[in-house]
Amino acid sequence: MAKTLKRFKMQRAMRSLLWASAFCSVLASAGCGYVDVAPSLTPTPAKQRLDWGMNLLTGGTVGAGQFPAKFTFDINAAPDCTNDFVVFNTGLTGIAGSAANIVAFNNLYSTQGSAGGLCNQDGPSVYWSYFVGAGRTRTSTALSLDGSKVAFVVEDGGFGTALLIILKWKAGQGLGAGSPVAVNLDISGLPWTACTAGSSCSATISFSGPARDTISAPFVDYANDVIYVGDNLGSLHKFTGVFNGTPAEVTAGWPIIVNVNHALSGPAYDSASGNVFVGDNSGRLSYVRESNSTVGSCSSGSPPCLGAATQQVGGVGGTISDGPILDGTTGFAFAVNGTDALNHGTILQANTDLTSAVQFSIGGTGTIGTGTLYDGAFDQTYLDSSAGNITGFMYVCGKDPTRINRPAIYQLSFTSAGVLNSVGTPLLMNSSRDGAACSPVTEINNTGSSFASGDWIFFSMGSGAANAAPIPTFSNCRTGIGGINGGKGCLLGINLTNAANPAINPGGTWPPVNGFFVTQGTNNNANAIALLQNNGGSSSGIIVDNVSTGSQTSNIYFSVPTTGGVGPGLPNCNTTTGVGCAVKLTQSNLN
């Protein structure tokens with residue numbers, strides 16, 4: 001499968017590595033493990049506490065549709081308690097000494113409530129935490145290839161100009177989200193060689209403009225040490241030397257105005273075409289031709305330039321909230337608009353000069369719903385297929401076609417040439433409320449654990465979890481099981497391999513029959529765990545770590561914006577309520 005697509009997959013899953021062809025081997029799909037639980041056993045708080053939650057303070061969150069970042073990137077490497085870590089932006093207004101902009105944890109492979117797991121301790125450790133200014137970090141972070149630096153966007157304290165910050169961290173600095181420290185050295189305008197050994201350092205660059213940035217996460221072209229990121233006024237910015245040189249914004253020919261006064265989504269650079277693709281909050285998909293572009297034409301002048309063609313995703317209006325997906329093998333780009341006036345949810349596939357496209361409704365009915373939709377994820381069969389012989393599917397959370405705004409999981413199919421040709425019949429989540437968004441869908445293929453062989457998708461829904469299928473029978477997302485915790489937000493995992501097996505799911509077709517969510521199956525068919533209600537999204541984007549059989553070493557990570565209900569464990573933050581929370585759950589049983 002295309003290296004480009006595999007690289008994208010890890011950016012969706014980790015928001016940390018992208019598009020550098022030399023690194024395809026470390027950007028391949030990840031796996032998960034499962035320890036079988038007899039279907040007669042109801043989940044208990046003790047099992048929930050096998051995993052951990054760390055306090056991000058009141059209002060602390062990575063953000064709906066945004067992702068934490070995990071190091072290391074090689075999911076086949078031996079898990080390392082000291083050197084593996086996960087970074088969470090907090091979304092908080094930074095306050096010196098009391099509110100971090102960014103925090104990281106190591107000793108990930110631990111339990112909480114008592115010492116356990118590979119790391120044999122009670123909860124993870126704070127690896128570092130920093131205050132970098134009185135602004136908010138609302139979008140995903142991006143790690144350097146060696147993990148020593150992290151890039152992120154902060155809005156300044158006056159919520160005016162956005163700032164790109166590249167941070168070289170030092171282990172042991174800061175004590176958590178509520179006790180950050182300042183960076184030792186500011187090397188803004190200088191090369192990274194100016195960072196003294198043994199010190200933490202940062203480079204801060206104000207966006208030229210000025211402009212805010214509330215939804216566009218930085219996209220790294222590792223091969224060229226470049227970051228692309230959009231702003232709220234419709235311009236795409238380019239920064240060079242970000243991890244290995246002298247960090248600076250390019251101002252000759254940049255920034256490029258994409259769509260005046262329309263906030264841009266996260267961008268995505270395609271090394272095959274040399275184009276950068278980006279959506280905006282008018283529902284338009286555009287592209288910018290880089291200086292090495294070989295596809296498309298300029299709207300005026302010569303590269304770098306705005307591409308001549310655009311595509312409206314769905315009907316008038318709406319917002320493309322998530323960065324486009326690119327498949328370098330088939331030469332197609334994908335974008336999702338959750339609130340267009342035509343379908344109230346549309347997915348579009350276009351060629352890389354945006355001159356031709358197909359699009360399908362994944363929306364609801366009635367008046368326009370407010371629920372944001374995010375990108376989907378390809379299954380392992382698609383990722384393993386080759387040009388001219390594309391097989392497999394994409395899974396995306398859309399809306400129940402008979403409702404205004406209730407979630408449903410669509411299975412998208414393709415011709416052998418990779419052209420999107422159907423969105424099929426969706427799996428209705430049977431939510432009891434309108435208006436609740438899903439998180440982006442994350443896929444992970446388990447090849448390393450006999451306990452949970454199969455290809456999995458993970459996602460959350462914002463509210464109204466049903467007391468029936470497809471919520472698994474013994475999940476506390478159901479009111480009949482979870483009591484006060486049930487009927488609200490819910491995070492789910494579905495085993496696609498089992499769903500495609502006629503011996504487990506009669507017919508092996510999508511959507512799975514209701515019984516699929518009642519009988520667990522040999523390697524577990526589905527799991528779910530309760531979260532608090534949040535219509536904007538009950539969790540952030542979800543990332544994965546390892547393919548491993550070790551104790552607590554195959555996990556997912558995400559944040560939730562608030563906690564409550566009955567604990568310990570989710571929907572609490574360990575034993576704390578009313579705070580944002582950084583969370584680890586095992587891929588095996590979400591416990």
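A residue counts as buried when its relative accessible area is under 20%. By that criterion both Cys573 and Cys581 are buried, and these two cysteines are joined by a disulfide with an S to S distance of 2.1 Å. The model described here is predicted. Its protein chain contains five helices and 36 strands, and buried residues make up 63% of its 591 residues.

**Overall architecture**

- Among contacts in the protein chain with a separation of 6 or more, 61% are between residues 24 or more positions apart.
- The accessible surface of the protein chain amounts to about 17900 Å², and carbon and sulfur atoms contribute 53% of this area.

**Nonpolar cores**

- In soluble globular proteins, nonpolar side chains tend to be buried together.
- The largest nonpolar core has 27 residues, of which Ile409, Phe459 and Ile494 touch the most other members.
- At least two residues of this core come from each of strand E26 (394-399), strand E31 (454-461), strand E32 (489-495), helix H5 (496-499) and strand E33 (526-531).
- A second, separate core comprises 26 residues, including Val226, Leu236, Val278 and Ala309.
- Beyond its neighbours within four places in sequence, Ile409 is in contact with Tyr395, Val396, Cys397, Pro426, Leu427, Met429, Ile457, Phe459 and Trp510.

**Disulfides**

- A disulfide is a covalent bond between the sulfur atoms of two cysteines.
- The disulfide count comes to six, and with bonded cysteines counted along the chain the pattern is 1-2, 3-4, 5-6, 7-8, 9-10, 11-12.
- Cys397, which is one of the contacts of Ile409, forms a disulfide with Cys438 at an S to S distance of 2.1 Å. The link is right-handed, with 45° about the S-S bond.
- This pair connects distant parts of the chain, 41 residues apart: Cys397 belongs to strand E26, while Cys438 sits in the loop between strand E29 (427-428) and strand E30 (442-446). Cys397 and Cys438 are both buried.
- The sulfur atoms of Cys477 and Cys490 are 2.1 Å apart and form a disulfide; this link is right-handed, with 90° about the S-S bond.
- Cys477 is in the loop between E31 and helix H4 (479-482) and Cys490 is in strand E32, so their link ties together parts that are 13 residues apart in sequence. Cys477 and Cys490 are both buried.
- The link of Cys573 and Cys581 is right-handed as well, with 75° about the S-S bond.

**The four-stranded sheet of E1, E36, E35 and E34**

- Strands of a sheet pair through backbone hydrogen bonds, either parallel or antiparallel.
- Four strands make up an open sheet with antiparallel pairing, in the order E1-E36-E35-E34.

- In strand E7 (residues 149-155), seven of the seven residues are buried.
- In a regular strand the side chains alternate between the two faces of the sheet.
- Both faces of E7 are covered, with Lys149, Ala151, Val153 and Glu155 buried on one side and Val150, Phe152 and Val154 buried on the other.
- Strand E6 (residues 142-143) runs antiparallel to E7 and is joined to it by two bridges, with Ala142 opposite Ala151 in E7.
- The hairpin of E6 and E7 has five residues between the strands, and Gly147 in this hairpin takes a positive phi near 80°.
- E7 also pairs with strand E8 (residues 162-168), in the antiparallel sense over seven bridges; Val153 has Leu164 in E8 as its bridge partner.

**Surroundings of Asn275**

- Asn275 belongs to strand E17 (residues 275-279). Its relative accessible area is 0%, so Asn275 is buried.
- Apart from neighbours within four places in sequence, Asn275 is in contact with Ala268, Tyr269, Asp270, Tyr287, Val288, Arg289, Ser293, Val295 and Thr352.
- One of these contacts, Thr352, is 77 residues from Asn275 in sequence, with a C-alpha to C-alpha distance of 7.6 Å.
- A polar atom of the Asn275 side chain lies 3.2 Å from the backbone oxygen of Val295.

Conventions: Residues are numbered from 1 along each chain as its sequence is written. This is a predicted model: local features need pLDDT of at least 70, side-chain atom pairs count only at pLDDT 80 or more; totals for chains, interfaces and linings use all residues. Side-chain values use heavy atoms; hydrogens and water are left out. Buried means under 20% relative accessible area, exposed over 50%, partly exposed in between (1.4 Å probe, protein chains only). Contact means heavy atoms within 4.5 Å. Accessible areas come from the Shrake-Rupley method with a 1.4 Å probe; for residues, only the protein chains shown count as cover. A nonpolar core is a set of buried Ala, Val, Leu, Ile, Met, Phe, Trp, Tyr and Cys residues joined through side-chain atoms within 4.5 Å. A polar contact is a pair of N or O atoms within 3.5 Å; within protein, one must be able to donate a hydrogen and the other to accept it, and residues adjacent in sequence count only if both atoms are side-chain atoms. Two strands pair if DSSP finds at least two bridges between them. A disulfide is a pair of cysteine sulfur atoms within 2.5 Å.
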